[in-house]
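Dear colleague,

I am passing on the structure we spoke about, and the notes that follow set out what turned up when I went through it. Please read them with the model open beside you.

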Amino acid sequence: MSYGKLRVSWARIGKDATPYNTGSGYIPLINGPIGGSAIGWTRDDRLGDPNLKPEFTNTFETGAELRFLNDRLGVDVAWYTSKSTDLLIPLKLSNATGYEDFYTNVGSIRNKGIEVSLNGTLIKSKKFNWEMRINYSSNRNKVLSLGQGLDEVAVAEHFGYAGSTATMKYIPGYPVGAIFGTSYQRYYGSDKEDPLMIDYSKPMIIGQTGNSAGFPLINSSQKYLGNSQPKWIGSITNNFTYGPFSLSVLIDTRQGLKKYNQLANFLAAFGESAMTANRFDQVVFPGVLADGTANTQKVYLQQAKGPDGRNYGAGYYRNVYRGVTENFVEDASWIRLRNVSFTYQLPATLLSATHLISAASITLTGNNIWLHTKYTGFDPESSSFNAGSNVDAFAGFTYPATRSFLATLQVTF
Amino acid sequence: MKRLHTILLYIALPGILISACSKSFDINDNPNQATTPPLNGLLVSATYHTAINVYQVSNITSYLVQYLASPNSDGATDTYQSTDYSTTWKLLYDNMTDIHDLIDQAGKQGAARHVGAGEIMMAINLEMLNDLWGSIPYTSAFNANVIQPAYTADDSIYTYCIALLDDGILQMKKTDTKYELDAAKDLLFGGRNEAWIKTAYVVKARILNHLTKKATYNAAAVLAAVANAYTTNADDAQMLQFQSLSPWNEAAVNNINNSLDGWLSAHFVDAMNGKTYGVFDPRLPLITDTTKFGDYRGTVNGAGRIGSGTDQEECYLSVNGFYSKPGAPLLIATNAECRFIEAEAAFRSGDKKRAYSAYILGITANMDKVGVDTAKRNAYLRNPAVGVGEGTITLDLILKEKYAAQFLHPDTWNDARRYDYKYKNFNLPENAQLTTFIRRLAYPDTEKSRNGANMPAVKLTDHVWWDGN
């Protein structure tokens with residue numbers, strides 16, 4: 001061992017509210033006067049909190065930094081637990097309150113996790129060097145309480161057709177990234193059905209009457225469908241240098257998270273999704289009838305009148321599929337080749353002849369070169385809400401991160 | 001010396017300014033908001049949005065009663081899909097919140113007229129919410145201290161409406177108000193107290209008339225309210241001023257600009273052009289224009305357009321039509337509606353003579369309002385299919401004519417449900433998602449997300465409380 005450090009820290013960090021959120025008031029109508037002259041006043045959509053307090057986060061962290069073999073190998077390990085209290089959040093309110101949201105202090109959440117960083121100079125010679133850095137972190141969080149006598153609060157929502165709007169809610173015991181929405185009705189028989197958790201091993205219930213005969217039924221109350229917070233985040237950076245050449249490669253990953261794919265919801269609604277290509281098929285949906293017996297009814301997935309003479313109306317994908325949020329909360333794990341950069345340092349002997357340029361290099365850089373994900377939208381990393389917000393469950397109608405290539409010439413005089 | 005004075009002044013000045021500032025501003029006060037609203041500012045907003053909300057609700061119900069049809073096949077509202085009407089819900093509650101604050105502020109200031117107008121408008125909005133969704137937050141609504149308001153029982157909402165209307169009438173008659181309504185700020189009636197009182201009675205009659213399927217229905221109570229309601233078209237509650245275009249005019253203008261909107265339903269057109277009832281209704285040319293085929297054709301609900309949608313192959317709200325011309329009046333309650341309520345209540349109480357007379361007056365009132373030529377109007381009234389005489393007047397005829405006279409009014413959906421959609425040739429839309437007619441709206445997604453624990457579970461085929469089973 002060439003270096004060793006153990007550390008323990010405790011910190012308390014405050015976060016201040018944004019201005020003018022301690023009260024609520026009245027504003028003139030936004031679309032201007034009526035009949036050119038009458039000015040209307042209305043209650044503003046934002047409810048402030050006169051007792052607003054700063055949000056505080058207490059963090060306890062312990063870790064160790066160790067280096068071996070003349071600093072060629074380094075390890076940094078940290079474990080932390082933090083508790084944030086009086087979270088500053090604009091809660092979404094029922095419009096029956098007269099407001100759209102309520103900027104207030106809400107309960108507390110706990111975060112805990114580990115961070116590991118390894119770095120090493122794997123090869124070190126006169127001409128060739130290879131350095132590698134690996135980062136890994138894993139965080140778990142949980143809503144501890146909400147205060148104000150609340151069982152649940154809505155933090156954000158993202159529209160889906162036919163009642164399939166996805167909602168991020170804080171519910172004590174659930175993670176901060178919990179996504180809720182509609183699901184398929186499932187047959188629990190004599191077992192008790194949890195109001196929020198879905199038992200995916202239970203069979204779907206298939207309708208027997210009217211237009212829903214032969215099709216899965218929708219549970220229109222909102223159930224827990226996944227967590228938008230990753231189980232772990234990792235990255236590997238490799239730096240190679242060979243004489244005047246150097247190459248840097250960065251691979252990033254996020255694993256074990258889910259997101260609501262609004263784009264898929266829209267595409268399914270309009271028959272544009274690849275998923276809907278089977279709409280000329282006839283199927284027997286696996287599942288059971290309300291009495292628990294197996295479903296045997298064959299149905300067509302297309303619209304209007306099927307070959308069996310039954311009128312299927314708008315068809316399965318509009319009538320059922322798009323109305324089930326469960327279908328659109330997808331695994332949004334990804335691995336991407338974030339960055340590759342190649343540099344050539346021009347030889348000094350060549351430059352000295354100019355008597356002007358002391359150093360010069362050419363760098364070729366590529367960003368976002370390769371992405372591997374099961375997510376069916378454009379890019380699981382993009383978000384429909386701004387990056388600074390705590391709303392990260394919605395990656396719907398957003399452009400993917402751009403792939404870019406740069407050539408850089410750097411000259412030092 | 002003079003120089004010294006100047007220096008002293010400059011030293012003193014910041015002190016004066018700072019002390020001035022600290023008195024006027026609290027760092028937490030938003031300079032872009034008022035903490036106490038101007039009473040008349042709320043009155044402007046409330047009167048305007050009460051009218052606009054009638055349009056907003058109508059933009060749903062008109063597709064359910066097949067006044068209008070979506071130009072696209074499988075229109076969500078047309079075909080009874082479980083549609084998210086969060087926006088309409090929010091607009092209704094936003095307005096009711098302003099009305100709530102208006103009543104509250106006016107009460108504190110001793111402005112009885114403002115209280116009265118507020119209560120009458122509250123009843124109008126509350127009734128629409130109740131008819132669309134059934135149980136809704138009311139008694140714990142508009143309150144910053146209750147962020148997940150409970151739902152008030154569906155069958156108690158009308159009781160609150162009637163109480164609001166009764167008190168509204170009292171407030172309008174009070175002799176000791178501090179302020180009268182400002183004519184320029186009361187966008188509905190220009191400060192005419194009598195008009196507010198009459199309107200309260202119209203709304204009361206409308207509400208009581210919805211109870212025909214209930215044991216509590218009382219035709220005499222309906223007629224008692226009608227007796228104090230409108231008597232001429234000049235009494236009508238209508239909005240004539242707008243922030244931009246009159247809403248149905250905007251639909252017609254959008255349609256001309258190929259953003260398809262305001263398409264007439266085949267059911268409505270057939271009911272008016274003689275196909276269903278064998279008599280051409282002279283109001284039709286004052287609502288829409290003929291197609292390129294030279295006749296009147298509607299669009300079948302759920303089926304959508306036939307051609308490109310821009311070839312005048314169907315009838316649309318016309319930019320020259322009574323309901324959709326520039327500045328077209330947005331109707332909230334009318335003399336014609338009163339006459340049809342009177343006709344129905346008289347009929348149900350066995351007074352066919354009064355029923356028939358009110359029926360004829362109702363048609364006349366609406367035709368005059370829309371601008372039908374007197375000769376054409378009289379010819380229509382003399383048509384044996386219309387002017388049947390008091391001996392043979394039926395509920396079917398009354399509701400058929402009310403359907404035509406109440407074109408685009410949301411109350412027609414209440415009539416349709418009370419009447420079990422028995423209008424002649426009224427069919428389920430094509431591609432209907434339900435096997436029976438729709439009976440209520442799905443609760444909005446915002447409520448499901450934000451107030452799900454309180455929101456009742458309902459199906460679109462569940463009848464609302466006054467609609468029997």
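I begin with a charged pair in chain A, where Asp71(A) forms a salt bridge with Arg67(A), the closest N and O atoms being 3.5 Å apart. Please keep in mind throughout that this is a predicted model. Asp71(A) has a relative accessibility of 38% and therefore counts as partly exposed, since that class runs between 20% and 50%. Arg67(A), at 26% relative accessibility, also counts as partly exposed.

The side chains of Glu401(B) and Arg283(B) meet in one of them, with 3.2 Å from N to O. This pair links distant parts of the chain, with Glu401(B) in helix α13 (residues 395–405) of chain B and Arg283(B) in the loop between α9 (266–272) and β2 (330–333), 118 residues apart. Are these two residues buried or exposed? Both Glu401(B) and Arg283(B) are buried. The salt bridge between Asp295(B) and Arg297(B), at 3.1 Å from N to O, has another setting: Asp295(B) is partly exposed, with a relative accessible area of 28%, and Arg297(B) counts as partly exposed at 34%. Elsewhere in chain B, salt bridges link Glu344(B), Arg348(B), Lys402(B), Asp411(B), Asp415(B) and Arg418(B) in a network. As for a charge placed over a ring, Arg417(B) lies over the face of Trp413(B), at 3.6 Å from the ring centre.

Turning to the interface, chain A and chain B bury about 4,400 Å² between them, and 49% of this area is on carbon and sulfur atoms. The contact takes 56 residues from chain A and 56 residues from chain B. Which three residues supply more than any other three of the area that chain A buries against chain B? They are Tyr20(A), Tyr26(A) and Trp41(A), which supply 16% of that area. Four salt bridges are found across the interface of chain A and chain B, and Arg450(B) forms a salt bridge with Glu100(A) in which the closest N and O atoms are 2.9 Å apart.

In soluble globular proteins, nonpolar side chains tend to be buried together. The largest core here has 150 residues, and those with the most contacts inside it are Trp133(B) and Tyr359(B). Helix α2 (residues 39–64) of chain B gives the most to this core, with 14 residues. Leaving aside residues up to four places away in sequence, Trp133(B) touches Tyr85(B), Trp89(B), Leu92(B), Arg440(B), Leu441(B), Ala442(B), Tyr443(B) and Pro444(B). Apart from this core lies another, of 47 residues, among them Ile89(A), Leu93(A), Ile198(A) and Met204(A).

Last, the aromatic rings. A pair of rings is described by the distance of the centres and the angle of the planes. The count comes to 50 aromatic pairs over all chains. Tyr260(A) and Phe394(A) form an edge-to-face pair, with 6.3 Å centre to centre and 85° between the planes. The pair links distant parts of the chain, Tyr260(A) being in strand β15 (residues 258–260) of chain A and Phe394(A) in the loop between β20 (359–373) and β21 (404–412), 134 residues apart. Tyr260(A) is buried, with a relative accessible area of 0%, and Phe394(A) is likewise buried, with a relative accessible area of 0%.

The pair of Tyr356(B) and Tyr359(B), by contrast, is tilted, with 5.7 Å centre to centre and 35° between the planes. Both tyrosines lie in helix α11 (residues 352–370) of chain B, three residues apart, which is about one turn of the helix. Tyr356(B) has a relative accessible area of 14% and so counts as buried, the limit being under 20%; Tyr359(B) is buried as well, with a relative accessible area of 0%. Finally, ring pairs link a cluster in chain B that includes Tyr67(B), Phe268(B), Phe322(B), Tyr403(B) and Phe437(B).

With best wishes

Note on methods. Residues are numbered from 1 along each chain as its sequence is written. Chains are lettered from A and ligands numbered from 1 in the order in which they are written. This is a predicted model: local features need pLDDT of at least 70, side-chain atom pairs count only at pLDDT 80 or more; totals for chains, interfaces and linings use all residues. Side-chain values use heavy atoms; hydrogens and water are left out. A nonpolar core is a set of buried Ala, Val, Leu, Ile, Met, Phe, Trp, Tyr and Cys residues joined through side-chain atoms within 4.5 Å. Buried means under 20% relative accessible area, exposed over 50%, partly exposed in between (1.4 Å probe, protein chains only). Helices (H or I, at least four residues) and strands (E, at least two) are DSSP runs, numbered from the N terminus. Contact means heavy atoms within 4.5 Å. Rings of Phe, Tyr and Trp (its six-membered ring) pair if their centres lie within 6.5 Å; planes under 30 degrees apart count as stacked, over 60 as edge-to-face and the rest as tilted. A charge sits over a ring if NZ of Lys or CZ of Arg is within 6 Å of the ring centre and within 35 degrees of the ring normal. Buried area is the accessible area (1.4 Å probe) that two parts lose on being put together, summed over both.
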